[in-house]
Amino acid sequence: MSNLPLYRDPWAKLDAWRKSPVFQKTTVVRNLFPGFGIAVVAFTAYVIADNVYSSSHKKVEEHH
């Protein structure tokens with residue numbers, strides 16, 4: 001026998017695409033903002049590097 005699914009409902013074959021993992025809510029939300037995670041990591045690294053650099057090159061202000 002064939003390994004193909006047996007469709008008894010005439011509309012089930014037309015609606016089978018809805019069960020595809022591409023159209024699940026978690027996949028859609030994860031792919032909504034591609035590169036967002038990398039951007040957050042890069043921005044965090046930039047802020048930390050800027051704070052370290054500015055704290056090491058702090059100017060001493062003398063009050064007269």
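Helices here are DSSP runs of H or I with at least four residues, and strands are E runs of at least two. I note at the outset that the model is predicted.

**Entry 1: the annotated segment.** I looked up the UniProt record, an unreviewed entry, and found residues 32–49 listed as "transmembrane region". I then examined the chain over residues 32–49 and found 78% helix and 0% strand.

**Entry 2: Leu32.** I located Leu32 in the loop between α1 (25–30) and α2 (36–56). Is Leu32 buried or exposed? Its relative accessibility is 52%, and the cut-off for exposed is over 50%, so Leu32 counts as exposed.

**Entry 3: the surface patch.** I asked which residues make the nonpolar surface patch of about 440 Å². I found Leu32, together with Phe33, Phe36 and Val40.

**Entry 4: aromatic pairs.** I searched for rings of Phe, Tyr and Trp with centres within 6.5 Å, and the count came to two aromatic pairs. In one, the rings of Phe33 and Phe36 have centres 6.3 Å apart and planes at 50°, so I recorded the pair as tilted. Phe33 and Phe36 are both exposed. For Phe43 and Tyr46, the ring centres are 6.5 Å apart and the planes stand at 35°, so this pair is tilted as well.

**Entry 5: the place of Phe43 and Tyr46.** I traced both residues to helix α2, where Phe43 and Tyr46 lie three residues apart, about one turn of the helix. I also checked their accessibility: Phe43 is exposed, and Tyr46 is exposed too.

Conventions:
Residues numbered from 1 in each chain as written. Predicted model: local features only at pLDDT ≥ 70, side-chain atom pairs only at ≥ 80, totals over all residues. Heavy atoms only, no water. Patch = residues over 30% accessible without salt bridge, like charges linked within 9 Å, V, L, I, M, F, W, Y side chains within 5 Å. Areas by Shrake-Rupley, 256 points an atom, 1.4 Å probe, with all protein chains shown as cover. Salt bridge = Lys/Arg side-chain N within 4 Å of Asp/Glu carboxyl O. Buried < 20%, exposed > 50% of the residue type's maximum accessible area, 1.4 Å probe, protein only. UniProt positions renumbered as here; feature names shortened; annotations may be inferred. Phe/Tyr/Trp six-rings, centres within 6.5 Å; stacked < 30°, edge-to-face > 60°.
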